[in-house]
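Welcome! Here is a short briefing to read alongside the structure. Please take a look at it, then follow the topics below.

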Amino acid sequence: MFEGYKLDLVYKAKKGNGKAFTKLIEENIKSIYRVAKGILSSEDDIEDAIQNTILKAYSNIKTLRKEELFKTWIIKILINECNKIYNFNKKCISLDKVIEEQYNDKYENLDLKIAVDSLPEELRLVIVLFYFEDLKISEVSELIGIPEGTVKSRLSRAKTKISESINGKEIM
């Protein structure tokens with residue numbers, strides 16, 4: 001349930017109150033980051049996607065029809081921004097990415113993280129949105145623009161692949 005004070009913040013932000021918009025971003029930044037991290041691997045790309053999302057959301061907040069859907073609305077913008085960056089990156093090889101892969105952080109060896117990161121993007125995205133962001137299947141469906149049945153089947157396939165990966169079997 002969307003809390004009353006958040007509705008008030010969204011209403012104020014729609015009226016041009018920059019502080020209210022900043023507060024909304026601060027309250028949602030962890031979710032925004034997790035979704036971006038679920039789609040993109042490079043921290044630079046994640047930062048770019050988040051920055052572009054915030055700019056677009058700020059510029060277009062007046063178009064938000066239902067204040068209680070702010071989080072869903074901004075995550076949809078984020079997914080579109082991440083997909084633009086992801087598709088651009090598929091076309092080129094980045095030297096930064098090669099260097100970054102050599103110096104992974106200390107959490108890279110966690111079985112679950114490795115299993116989730118190894119999933120194809122379409123499966124990884126539904127896992128991140130459903131399990132890490134606690135969105136309902138209907139919300140995931142709306143955000144990604146696919147039927148609820150497809151979300152359910154992707155979740156099922158992703159869980160199977162994660163289970164196989166953690167139990168030592170080859171995924172893919």
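A salt bridge, a term that comes up several times below, is a side-chain nitrogen of Lys or Arg within 4 Å of a carboxyl oxygen of Asp or Glu. This is a predicted model, in which local features need pLDDT of at least 70 and side-chain atom pairs count only at pLDDT 80 or more, while totals for chains, interfaces and linings use all residues. Residues are numbered from 1 along each chain as its sequence is written, and side-chain values use heavy atoms, leaving out hydrogens and water. The protein has nine helices and zero strands, where helices (H or I, at least four residues) and strands (E, at least two) are DSSP runs numbered from the N terminus.

**Overall picture**

- Along the sequence, the pattern reads α-α-α-α-α-α-α-α-α.
- The protein has 172 residues, and 35% of them count as buried; buried means under 20% relative accessible area, exposed means over 50%, and partly exposed lies in between (1.4 Å probe, protein chains only).
- The protein exposes about 10,800 Å², with carbon and sulfur atoms supplying 52% of it; accessible areas come from the Shrake-Rupley method with a 1.4 Å probe, and for residues only the protein chains shown count as cover.
- Among contacts with a separation of 6 or more, 63% are between residues 24 or more positions apart; contact means heavy atoms within 4.5 Å.

**The nonpolar core**

- In soluble globular proteins, nonpolar side chains tend to be buried together.
- A nonpolar core is a set of buried Ala, Val, Leu, Ile, Met, Phe, Trp, Tyr and Cys residues joined through side-chain atoms within 4.5 Å.
- The largest such core here holds 44 residues, and those touching the most other members are Val 35, Phe 70, Trp 73, Ile 74, Leu 78, Ile 79 and Leu 129.
- Helix 1 (4-14), helix 2, helix 3 (43-60), helix 4, helix 6, helix 7, helix 8 and helix 9 each give this core at least two residues.
- Helix 4 supplies the largest share of this core, nine residues.
- Leaving aside residues up to four places away in sequence, Val 35 touches Ile 75, Leu 78, Ile 79, Val 128, Leu 129 and Glu 133.

**Helix 7 and its surroundings**

- Helix 7 (residues 121-132) has Glu 121, Leu 123, Arg 124, Leu 125, Val 126, Ile 127, Val 128 and Leu 129 as its buried residues.
- These buried residues pack against helix 2 (18-39), helix 4 (70-90), helix 6, helix 8 (137-144) and helix 9 (148-166).
- Arg 154 belongs to helix 9 and counts as buried because its relative accessibility is 15%.
- Not counting residues up to four places away in sequence, Arg 154 touches Glu 122, Leu 123, Val 126 and Ile 146.
- After helix 7 comes Asp 134, whose phi is positive, near 55°.

**Salt bridges**

- The whole structure contains 10 salt bridges.
- One of them joins the side chains of Lys 12 and Asp 8 (3.3 Å, N to O); both residues lie in helix 1, four residues apart, about one turn of the helix.
- Lys 12 is partly exposed at 37% relative accessible area, and Asp 8 is partly exposed at 37% relative accessibility.
- Lys 37 and Glu 43 also meet through their side chains in a salt bridge (3.3 Å, N to O).
- In helix 6, Asp 117 and Lys 113 lie four residues apart, about one turn of the helix, and form a salt bridge whose closest N and O atoms are 2.6 Å apart.

**Aromatic pairs**

- There are three aromatic pairs in the whole structure; rings of Phe, Tyr and Trp (its six-membered ring) pair if their centres lie within 6.5 Å, and planes under 30 degrees apart count as stacked, over 60 as edge-to-face and the rest as tilted.
- Phe 70 and Trp 73 make a tilted pair, because their ring centres are 5.9 Å apart and their planes are at 45°.
- Both Phe 70 and Trp 73 are buried.
- Phe 130 and Tyr 131 form an edge-to-face pair, 4.8 Å centre to centre with 90° between the planes.
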